[in-house]
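Biologist: Could you walk me through this one before I set anything up? I'd like to go through the interface and then a few single residues.

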Amino acid sequence: MKSAVQISDVTKAFGDVVAVNNISLDIADGEFFSMLGPSGCGKTTTLRLIAGFEQPTIGQISIMGQPVAGVPAYRRPVNTVFQSYALFPHMTVAKNVAFGLEMAKIPQNEIESRTNAALELVQMGSYGSRRPTQLSGGQKQRVALARAIVNQPRVLLLDEPLGALDLKLRKDMQLELKQIQEELGITFIYVTHDQEEAITMSDRIAVMDNGIVAQIGSPKEIYENPVSRFVADFIGETNFIKGKIDSVGETTVLDAQGIHLVGSTSTELKKGQDAVIAIRPEKISIVSAKDAGQSANKSAIAGTVSQTIYIGTDTRYQIELTTGDKIFARLQNLEAGQDVQFNKGDEVSVEWSTQNAQILAE
Amino acid sequence: MALATVPIRNKIRKSFNERALTWLAVGLFMFLYLPIIILIVYSFNDNRFVSVWTGFSTKWYGEVFRDPQVASAFRTSMWLALWSTGIATVFGTLTAIAMERFKFWGKVTYDAILYLPIIIPDIVMALSTLLFFIMVGVSLSRYTVLIAHVAFNIAFVAIIVRARLSDMDSSLEEAAADLGANPWQTFRRVTVPLLLPGIVAGALLAFTLSLDDFVITFFMAGPGSTTLPVYIFSKLRFGVTPEVNAISTLMFLGSTILVIFSLIIQRKT
Ligand SMILES: Nc1ncnc2c1ncn2[C@@H]1O[C@H](COP(=O)(O)OP(=O)(O)OP(=O)(O)O)[C@@H](O)[C@H]1O
Ligand SMILES: [Mg+2]
């Protein structure tokens with residue numbers, strides 16, 4: 001598969017601050033690639049390196065197979081949707097959108113039709129003659145999107161493009177964006193804080209942490225097989241139980257205060273090392289203490305229900321384990337009017353299949 | 001009891017303070033503007049002697065407009081103001097952009113020095129410039145006056161443009177580059193339009209300063225560089241005449257209009 005953007009061993013330092021620390025990414029042509037991570041982890045900096053607003057301190061970047069070291073931003077075949085919109089305040093919405101086309105010396109009648117089409121696409125068709133100052137945050141964001149898409153770049157860099165939208169519009173725009181991306185075959189490099197957004201839209205996700213790439217993979221890989229506690233914690237809800245590695249082999253065994261818990265692992269672990277076992281709340285089943293029994297490919301641990309929370313589709317149970325850890329489990333409410341399956345104070349046993357639990361370095 | 005009286009006392013004190021401040025302001029305005037008002041009024045005096053009011057007349061204005069020396073001084077003033085404004089606006093704007101956007105060796109020092117013409121007394125500026133011209137052996141002419149005017153005007157233009165520039169979101173220029181605009185196109189299509197109110201305000205201020213300047217012009221003045229202020233000063237040797245009042249009134253009017261213009265432009269954006 002052809003690469004759209006290749007980032008090789010790139011580091012970017014601002015004085016003492018290392019914003020991006022030796023990252024390598026290979027983003028395929030036509031891919032929807034997301035970068036996810038907490039605030040300040042270097043997402044915007046990575047986009048700026050690709051766009052050409054910053055130069056790497058170390059390392060190399062290629063766009064569509066061409067090294068871009070020394071190529072100024074205006075010559076790179078990428079467009080950006082800025083986190084702060086960056087709409088030109090002295091131009092109308094239509095002029096903003098037409099700017100890139102004018103720079104590319106597109107004939108005037110084509111500029112008009114493409115500008116209108118782009119504005120229609122983001123449902124801003126009737127706003128062409130307004131000034132950016134007369135728009136709401138969400139409307140600005142959509143104009144910024146139209147202004148970037150209208151140029152049909154090979155690569156589109158989007159820095160939290162839906163951050164200012166309300167939930168309904170956000171969901172609509174997510175679908176819209178995904179559709180645009182597939183139709184035009186543009187590579188999207190998409191920065192977001194929102195893990196659900198990243199999971200539902202992306203072909204692949206890079207989870208970033210403090211300037212490094214913690215994990216790259218499909219949404220499923222990242223969700224099901226996180227390689228570190230950070231990733232497991234950042235993506236979705238996860239329970240952690242602390243312990244020490246008891247044995248490694250086909251399956252790994254964690255000793256949590258004498259209780260042996262079995263899980264799979266994708267990283268190198270040593271016997272005796274501090275580690276955690278990570279289990280998603282929906283992968284846990286709860287049985288009453290009297291029904292508990294060890295089965296071959298399951299781990300079980302005893303506890304007491306300390307809280308039940310009805311959340312519509314599911315009920316969340318907080319369970320205090322005999323190890324002292326508190327974990328959450330969620331059971332789906334399959335039957336209407338069904339009563340909670342367990343009550344506060346019930347003695348229970350929580351169980352999970354070996355392949356659903358990850359043992360990770362602490 | 002104490003609780004009840006305190007607010008009342010505060011109220012009294014407040015209204016007293018308010019009234020005192022209002023009168024202070026009025027007094028200050030009188031002090032500033034009364035002489036100008038008197039000057040304007042007496043420019044319409046029929047009498048040859050300024051201090052004796054005999055009747056209303058516009059004859060001095062007629063005289064001013066007929067006086068070839070005034071016409072010549074006016075032309076010199078305009079020539080100086082236009083050229084020094086034009087040159088100072090271009091260089092002042094470029095300087096502001098360089099100071100705000102680029103890093104270069106000695107920037108901090110240059111930054112401090114640039115604003116010196118605003119701080120140091122005119123007379124010092126005038127003397128030092130004069131000594132400089134004498135040292136390098138340039139004879140005084142209207143061009144030396146022009147150079148001196150450009151020198152102080154650049155500082156004012158740069159300060160005003162730079163204030164505007166530092167308010168400007170630099171991601172706008174990045175957005176332009178991102179959309180394929182080369183540095184020149186970005187400058188022309190984005191930077192300049194956004195800076196324009198600052199540039200125009202700076203230019204108007206420069207124009208006014210150049211028109212009004214006396215000290216520096218007087219020191220630098222060679223043959224053919226008698227501006228209106230210098231002409232007025234030379235006339236004063238024969239006493240204050242209503243004609244001088246009339247010229248001054250016209251200059252006051254011109255400067256006021258320019259300054260108001262400049263304020264409106266800055267306010268509007
Ligand atoms: N021009 C700069 N000078 C100095 N430090 C910078 C600069 N730009 C970014 N940084 C630092 O680099 C780190 C990464 O910043 P970056 O903007 O890439 O974060 P981010 O992941 O986009 O965060 P957010 O989600 O809040 O937008 C931060 O610690 C930031 O303070
Ligand atoms: Mg950011």
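Predicted model: local features only at pLDDT ≥ 70, side-chain atom pairs only at ≥ 80, totals over all residues.

Biologist: Fine. How many residue pairs are in polar contact between chain A and chain B?

Modeller: The count is five residue pairs between chain A and chain B, with both residues at pLDDT 80 or more.

Biologist: Which elements of chain A supply at least two residues each to the side that touches chain B?

Modeller: Those are α1 (43-51), β6 (78-81) and α2 (93-103) of chain A, and the largest share, four residues, comes from α2(A). Sorted by class, the side of chain A that touches chain B has 13 nonpolar residues, alongside six polar and four charged ones.

Biologist: And what area do chain A and chain B bury between them?

Modeller: About 1,700 Å² is buried between the two chains, with 63% of it on carbon and sulfur atoms, and in terms of residues, 23 of chain A are in contact with 18 of chain B.

Biologist: How many salt bridges does the rule find across that interface?

Modeller: The rule finds two between chain A and chain B; one of them joins A:Arg48 to B:Glu174, where the closest N and O atoms are 2.8 Å apart.

Biologist: Switching to backbone angles, which residue has a positive phi of about 45° although it is not a glycine?

Modeller: That is A:Glu160, which sits in the loop between β7 (155-159) and α5 (167-184) of chain A. A:Met64 also has a positive phi without being a glycine, near 50° in its case, and this residue lies in the loop between β4 (58-63) and β5 (66-67) of chain A.

Biologist: Is A:Glu160 buried or exposed, and why?

Modeller: A:Glu160 is classed as buried because its relative accessible area is 15%, and buried means under 20%. A:Met64, with a relative accessible area of 22%, is therefore partly exposed.

Biologist: Last one: where does A:Ile180 lie?

Modeller: A:Ile180 lies in helix α5 of chain A and is buried, with a relative accessible area of 5%. Leaving aside neighbours within four places in sequence, A:Ile180 is in contact with A:Leu121, A:Ile149 and A:Gly185. The C-alpha atoms of A:Ile180 and A:Glu110, which are 70 residues apart along the chain, are separated by 20 Å.

Note on methods: Residues numbered from 1 in each chain as written. Chains lettered and ligands numbered in written order. Heavy atoms only, no water. Buried < 20%, exposed > 50% of the residue type's maximum accessible area, 1.4 Å probe, protein only. Contact = heavy atoms within 4.5 Å. Buried area = accessible area lost by both parts, 1.4 Å probe. Salt bridge = Lys/Arg side-chain N within 4 Å of Asp/Glu carboxyl O. Polar contact = N/O pair within 3.5 Å; in protein donor to acceptor, adjacent residues only side chain to side chain. Nonpolar A, V, L, I, M, F, W, Y, C, P; charged D, E, K, R; others polar.
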